[in-house]
Amino acid sequence: MTAPAPGESAENPFPVRAVAIRVKGWIDRLGSVWVEGQLTQINLRPGVRTVFMVLRDPAADMSLTVTCSPELVAGAPVKLTEGTQVVVCGRPNFYTARGTFSLRLSEIRAVGIGELLARIERLRRLLDAEGLFDPRLKRPLPFLPGTIGLITGRASAAEHDVMTVAGARWPAVRFAVRNTAVQGPTAVAQMVEALRDLDADPEVEVIVLARGGGSVEDLLPFSDETLCRAISACRTPVVSAIGHEPDNPLCDLVADLRAATPTDAAKKIVPDAAAEQALVDDLRRRSAQAVRHWVVREDRMLAQLRSRPVLADPLRALTERGEEVRRALAAVRRDVTRLIAAQTERVGHLSARLATLGPAATLARGYAVVQTVGAGGPHVLRSVEDAAAGTRLRIRVADGAVAATSEGRLLEGPSDGS
């Protein structure tokens with residue numbers, strides 16, 4: 001069995017120096033690298049040949065220790081202060097004596113305004129493509145928020161303007177203030193933490209992110225991607241009040257409402273008590289006037305309705321119709337009476353004609369009706385052949401009837417007048 005190599009077992013460990021030397025060898029093989037970040041903690045002391053600084057990533061809580069010569073700091077294209085955005089070229093270095101890592105700089109370049117604006121524009125297009133600027137995602141502000149969350153610099157003019165104007169418009173307004181850095185390398189992290197803190201507070205109904213005006217470099221934190229995404233993730237409506245009217249950082253596009261200035265933000269989130277009272281008074285006056293006009297209009301309409309004939313004399317139509325009905329009834333009665341009289345007269349004429357043509361009238365003129373009486377009932381005698389001798393006869397005259405017996409057929413002789 002072979003013995004384990006150095007550093008692979010507790011029985012054969014590496015000494016510290018061996019590990020440090022190996023780590024330094026691996027890091028030295030990395031070569032030079034270009035890095036962008038914000039400078040913080042610049043430690044430049046007179047008489048010291050090495051300047052120690054911290055290069056921070058503005059979008060994440062990460063940083064690197066960097067070192068350079070004082071001449072490189074003095075010959076930098078811009079004055080190096082905390083928060084300066086730079087692009088540096090350095091070689092990774094591992095200091096074996098203390099086991100620390102640093103980036104030894106050989107060149108420092110400032111990030112120009114044009115480059116900063118170009119990067120902001122690229123980020124703007126990226127966030128727009130992801131939908132963070134979509135107007136449909138904007139949440140409406142409450143009419144009268146109970147508590148307003150305010151993120152701004154400590155004792156800043158923006159804080160004074162927002163609180164003073166809001167208090168003058170609505171004296172009962174309450175604020176939950178979070179003072180943070182509003183520029184420099186720590187601004188983004190502090191503002192994101194304050195946003196999350198206020199968003200988690202159930203009493204806060206709207207959050208205002210306020211800062212006064214400044215240069216492009218001063219307003220860079222408000223165009224930071226981390227801050228923009230934190231605003232988009234908030235459940236509470238966020239109002240962006242950064243700088244003056246011409247300033248337009250990316251947080252203005254992500255926020256639910258953009259205010260031109262901190263004073264404008266206070267006016268947009270808090271109603272003016274005097275203006276609201278004036279509005280209520282005006283609405284009451286207009287509503288009372290509208291009711292009066294409606295009453296007058298309806299009263300005029302009722303007067304017009306009462307003046308119409310159908311309402312002035314409601315029975316007039318019935319009276320007129322009643323008179324027409326009476327005239328119609330009289331006409332019907334006259335027509336019926338006339339018809340009855342005409343028909344009565346016609347019946348009388350027909351009765352007289354019938355009486356004239358009937359057998360009774362004939363009998364009254366001296367004629368008689370002779371009937372044979374037999375078992376089959378009486379039959380009118382129509383021929384002498386039907387009245388043989390001995391046939392019983394019934395002779396009907398005008399005033400009655402007599403019975404007789406036939407003696408047979410008579411032989412006709414010469415008449416008395418021959």
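## Reading a fold, one feature at a time

User: Let's start with L80. Which residues does L80 touch, not counting residues up to four places away in sequence?

Analyst: Leaving out residues up to four places away in sequence, L80 touches L39, I42, V73, V86 and I108. Keep in mind that this is a predicted model. L80 itself sits in the loop between α2 (70–74) and β4 (85–95).

User: Is L80 buried or exposed?

Analyst: Buried means under 20% relative accessible area. L80 comes in at 11% relative accessibility, so it counts as buried.

User: Okay, sheets next. How do I read the pairing of strands?

Analyst: Strands of a sheet pair through backbone hydrogen bonds, either parallel or antiparallel. Here, five strands make an open sheet, and you can follow the order β7-β6-β8-β9-β10, with parallel pairing.

User: Which strands stand at the edges?

Analyst: Those are β7 (174–179) and β10 (257–258). Each has a single partner strand, so one side of each is left without a neighbour in the sheet. Further in, β8 and β9 pair in the parallel sense over five bridges.

User: Now helices. Which residues of α8 are buried?

Analyst: In α8 (residues 262–269), the buried ones are P262, A265, A266 and I269. They cover an arc of only 100° around the axis, which means they lie on the same side of α8. Among the elements covering those residues are β6 (147–152), α4 (157–169), β8 and β9 (238–242).

User: What about α6, which residues are buried there?

Analyst: L227, C228, A230 and I231. Their arc is only 160° around the axis, so they too share the same side of α6.

User: What goes on at the start of α6?

Analyst: Find D224, in the loop between β8 (204–211) and α6 (225–233). At the start of α6, a side-chain oxygen of D224 reaches to within 2.8 Å of the backbone nitrogen of T226.

User: How far away is the nearest side chain of opposite charge to D224?

Analyst: That side chain belongs to R56, and it is 7.0 Å away. For a salt bridge, the charged atoms need to be within 4 Å. D224 has no salt bridge, yet it is buried.

User: Last one: how do I read phi?

Analyst: Most residues other than glycine have a negative phi. So a positive value is worth a look. Q41 has a positive phi of about 50° although it is not a glycine. You'll find Q41 in strand β1 (residues 33–43). A155, also a residue other than glycine, has a positive phi near 50°, and its place is in the loop between β6 and α4.

User: Are Q41 and A155 buried or exposed?

Analyst: Exposed means over 50%. Q41 has 55% relative accessibility, so it counts as exposed. A155 has 73%, so A155 counts as exposed as well.

Technical notes: Residues are numbered from 1 along each chain as its sequence is written. This is a predicted model: local features need pLDDT of at least 70, side-chain atom pairs count only at pLDDT 80 or more; totals for chains, interfaces and linings use all residues. Side-chain values use heavy atoms; hydrogens and water are left out. Helices (H or I, at least four residues) and strands (E, at least two) are DSSP runs, numbered from the N terminus. Buried means under 20% relative accessible area, exposed over 50%, partly exposed in between (1.4 Å probe, protein chains only). Lys and Arg count as positive and Asp and Glu as negative; His and the chain ends are not counted. The arc is that of the directions from the helix axis to the C-beta atoms. Contact means heavy atoms within 4.5 Å. Two strands pair if DSSP finds at least two bridges between them. A polar contact is a pair of N or O atoms within 3.5 Å; within protein, one must be able to donate a hydrogen and the other to accept it, and residues adjacent in sequence count only if both atoms are side-chain atoms.
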